[in-house]
Amino acid sequence: AWTGVQPVVERPTEAIPVQPVGPVGPGGPGGPPPGPPPSGEGKSNGPVIAIVVIVLLILGVGGFLLFGGKDDEVATNDTTTTTEDPDDTTTTTEEVEETTTTTEVEAPTTSAEEETTTTTTIEDPGEPGFTTVQDDTGLLVVQVPDTWTDVNGVALPDGSANLFAAPSIDQFTQFLGSGLSYTSLNGPQDPDAVIDFLINQNGLTEGCAVVGTREDYSDPVFTGRKQQFDGCGASNATVVELVAADATGRAVELTMVIIAPDTLDAVTQIENTFNFTS
């Protein structure tokens, strides 16, 4: 829109009227003309004023453009200030890292759990003075005094599970020492018939001073019959014969011999713990 300004400035310069040279006077050519100045000399101020106006217009336009440019720069600076927002994002990232550090502090919780597990794994010492023994087939299980370290779990020739436990099995079989014989019987049995057989086989009626009364026996697993003999043999042993069966009809026979220093507490513990493993 401003392309016509420059030509307007140039044209008035060329259009300035040249004063006419008057007749040659006494001063020679080019001297001041005599008499009053020509009437046209007063009119020379008009072009000068036009030039001044044009210059002022040019300065105004330049100033406008100059201030407009500054506005653009300010706008640009504003835009630059706006781009500083990513710094806020960086600050947010640092906060996330702090959260991660807090999570690492939870490690001692795992150590506490491990300590609890270690405490839980401490084994219960169980009934003092007794130990658990099994036959070789793994069918029969019972607790006996821990001094009964001579253990034999070999099955009988007919395949029946059998378990011997005593301080000395040889002395036990001769009624010279304490011990236990624990045998699985084949099929349902008449408890009284089995006890009669054992009394005759072991000579208990003739070899013992006192023959106890036969009585019923029961515990949470087995039911059957039981008979006790005292003052047996030269060792003054106590002999207990027990025959019982579980709810499925599986029967067992136990012969227990107690000689001092062992006591009848051994018989009580055996009766409380003998069982099938499955």
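**View 1. Leucine 163, a buried residue in a predicted model.** Let's start with leucine 163, whose relative accessibility is 0%, so this residue counts as buried, the cut-off being under 20%. You will find leucine 163 in strand β4, which covers residues 162–166.

**View 2. The surroundings of leucine 163.** Which residues does leucine 163 contact once its neighbours within four places in sequence are left aside? They are Val133, Gln134 and Asp135, then Val142, then Val151, Asn152 and Gly153, and finally Leu180, Ser181 and Tyr182. For tyrosine 182, the C-alpha atom is separated by 5.1 Å from that of leucine 163, although the two residues are 19 apart along the chain.

View 3. Of its 278 residues, 25% count as buried. Take the contacts between residues at least 6 apart in sequence: 48% of them join residues at least 24 apart. The accessible surface comes to about 18300 Å², and carbon and sulfur atoms account for 57% of that area.

View 4. Two stretches deserve a friendly word of caution. Over residues 1–43 the pLDDT is below 50, and this stretch has 9 contacts in the model beyond near neighbours in sequence. Residues 69–126 also have a pLDDT below 50.

How values were computed:
Residues numbered from 1 in each chain as written. Predicted model: local features only at pLDDT ≥ 70, side-chain atom pairs only at ≥ 80, totals over all residues. Heavy atoms only, no water. Buried < 20%, exposed > 50% of the residue type's maximum accessible area, 1.4 Å probe, protein only. Contact = heavy atoms within 4.5 Å. Areas by Shrake-Rupley, 256 points an atom, 1.4 Å probe, with all protein chains shown as cover. pLDDT = per-residue confidence, 0-100. Helix = DSSP H or I, 4+ residues; strand = E, 2+ residues; numbered from the N terminus.
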